[in-house]
Amino acid sequence: MPTRALFAAVAILAAWPAWARDVALVIGNENYRRAPDVNSAEDAADAGAALEALGFDVHEGRDLDAAGLRRALAGFHADAQDADRMVILVAGHFAHAGAQGWLLGTEADRPSLGSVDGAGLPVATILSIAGERPGAAMVLLGTEPLPIALGPGLTGGLGDMPAPQGVTVISGDAGTLAEFVTDVLAEPGQSQAALAAQAEGLGVSGYLGDAGPFLPLPAPPATDAGAAETAAWDVVRRLDTVPAYEGFLRQYPSGRYAAEARAAIEAIRAQPLLQAQKAEEALALSRDRRREVQRNLSLLEFDPRGIDGLFGPGSRRAIAAWQKANRIEATGYLDADQLTRLQAQADRRAAELEAEARARQAELDRQDRLYWEQTGAAGDEAGLRAYLKRYPDGLFADLAQERLAVFEDRRRQEAQGADRLAWDQAVAAGTAQAYRDYLRVFPNGVFAEDAQAALEAAEAAEGAEAARASAEATENALGLNGFFRQAIEKRLSNLGLKPGRVDGTFDDDTRRAIRRYQEARGMEVTGYLTQAAVVRLLAEGL
């Protein structure tokens, strides 16, 4: 915290009435597993810092499932029994049915009116708790206009929920709501009516009294220099960073706490791990910036065990491994110089991988064209089948399939009724057993050659089913939302891999494009994405 802001906070905290106890609940559900991310929910959650600076006891929760939402609300309610004022700020995906609404947990999966009570937190319960402090409670509900799959009886969004008597309710875009808290609500001395008048772009309902301020103005700063120094020291001790102690010493170089401040600086610097931790905390890395760090580590083959913007044990081990490889003290925490170094290495590696992939793709295409010239280009059935067997996703695969269809149509017209009917039934079933049955009855049938080729393909597919299911599960575990799926399809399209429509839906064309991408980069060819493939795809496209 800059020195000026630090001592401004000290002035407010030192002057706030000793008897006042204000509580706040701040919940930001940004990352949903089966719905688009509510990106501004993180900003709304960060608004809790503004409330804390005003002296509120803040209960925080981020990315909570339904059970976590209920626990957070229960803990807040228990702590709020003796509170003077109450602020509840929640952001995420909402669903409503008439006048009833719910804040959905991050695991919500197409909830319906019959199941939504188990998938989220009733807004009516939040409002009822706020109603216990009439005239001194404010509820802020934030969301974004994003699509979410809902079952029968529910509609996305906040809906129209009546506010209890004495409760001010402000709702709308989560980012705008966060700005309202930090820029408007954080200015004491304003009534609910005055605050509502400044809620531009937001909906306001409920209590709008103007008899007195919602948050009273602080008393004039204490004139006792000793009291001011003590208040400043209390804040500095909570921050517990070298810059905070140094700022304090510039203000009070010979004060009563100067020796303790210098000792605290020496203690932090004497512990490299603690110093490294404080250095990273001072960077104030956002969730998106942390995701970028995790992607960079993955690109450099230091696995952070997920790209979620949360630095857990896996991320710390990956950072430490990267530091060790670069002959940096392996603390598991990053400073500004290391961030720059990591980014530069990742950018360079992305460029190298892109160049390698282009060269490999060019060679694969050359071999593909050469094989086509020797087989399918002549247009005979044997050559077309030979090409497709070697290059099922090749450059000329669609053309080969079209030309083979001509041969099959001709045979169908020439075939006897029983033969044609048996073949049509085998094709409709599309299983290895169906093709075996056809060949058993018509070993020399008109479609025997087609059946043999289809049988080999079906047997290969059935043999690979377990591996395919595992690859699909791995991709599903990534939790790719619509935004990332479209970004991946766009990248595949830019590479000329023809993924079909860029709509966020991974169809057969997309799977074939992914297989082509994997083959060109020497990855296991499955048609399903891994974390490493996603990181590389998106990094190469930046």
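How many bridges join strand 7 to strand 9, and do these strands run parallel or antiparallel? Seven bridges join strand 7 (residues 137-143) to strand 9 (residues 167-173), and the two run parallel. To find the pairing in your viewer, look for Leu141, which stands opposite Ser171 in strand 9. Please keep in mind that this is a predicted model.

Another open sheet is built from four strands in the order 6-5-4-8, and here the pairing is antiparallel. Strand 6 (120-122) and strand 8 (155-156) are at the edges with a single partner strand each, so one side of each has no neighbour in the sheet. Within this sheet, strand 4 (residues 94-97) pairs with strand 5 (residues 100-104) over four bridges, in the antiparallel sense. A handy landmark is His96, whose bridge partner in strand 5 is Gly101.

**Helices against helices**

The table gives their axis geometry.

| Helix pair | Angle | Axis separation |
|---|---|---|
| Helix 9 (residues 242-251) and helix 10 (residues 258-270) | about 155 degrees | 9 Å apart |
| Helix 10 and helix 11 (residues 272-283) | roughly 105 degrees | within 5 Å |
| Helix 12 (residues 287-299) and helix 14 (residues 336-374) | about 50 degrees | 9 Å apart |

Start with helix 9 and helix 10, whose axes pack at an angle of about 155 degrees. This angle makes helix 9 roughly antiparallel to helix 10. Helix 9 passes helix 10 in a left-handed crossing. On the helix 9 side, Val242, Tyr245, Glu246, Phe248 and Leu249 take part, and they meet Ala258, Ala261, Arg262, Ala264, Ile265, Ile268 and Arg269 in helix 10. By class, the residues of this contact are nine nonpolar, no polar and three charged.

Helix 10 also meets helix 11, and the axes of the two cross at roughly 105 degrees. Helix 10 and helix 11 are therefore roughly perpendicular to each other. Here Ile268, Arg269 and Ala270 in helix 10 meet Pro272, Leu274, Gln275 and Lys278 in helix 11. This contact divides into four nonpolar, one polar and two charged residues.

What about helix 12 and helix 14? Their angle is about 50 degrees, and the two helices are therefore oblique to each other. Helix 12 passes helix 14 in a left-handed crossing. Arg289, Glu292, Val293, Asn296, Leu297 and Leu299 in helix 12 meet Leu339, Leu342, Gln343, Ala346, Arg349, Ala350 and Leu353 in helix 14. The contact of helix 12 with helix 14 has eight nonpolar, two polar and three charged residues.

**An aromatic pair to finish**

A search of the whole structure finds 13 aromatic pairs. One of them is Trp372 with Phe396, a stacked pair at 4.8 Å centre to centre, with 10 degrees between the planes. This pair links distant parts of the chain, 24 residues apart. Trp372 is in helix 14, while Phe396 lies in the loop between helix 15 (381-390) and helix 16 (397-414).

Notes
Residues numbered from 1 in each chain as written. Predicted model: local features only at pLDDT ≥ 70, side-chain atom pairs only at ≥ 80, totals over all residues. Heavy atoms only, no water. Axes fitted to C-alpha atoms, helices over the stretch in contact; angles between N-to-C directions. Parallel < 35°, antiparallel > 145°, perpendicular 65-115°, else oblique. Left-handed = near helix turned anticlockwise from the far one by under 90°. Contact = heavy atoms within 4.5 Å. Nonpolar A, V, L, I, M, F, W, Y, C, P; charged D, E, K, R; others polar. Pairing = 2+ DSSP bridges. Phe/Tyr/Trp six-rings, centres within 6.5 Å; stacked < 30°, edge-to-face > 60°.
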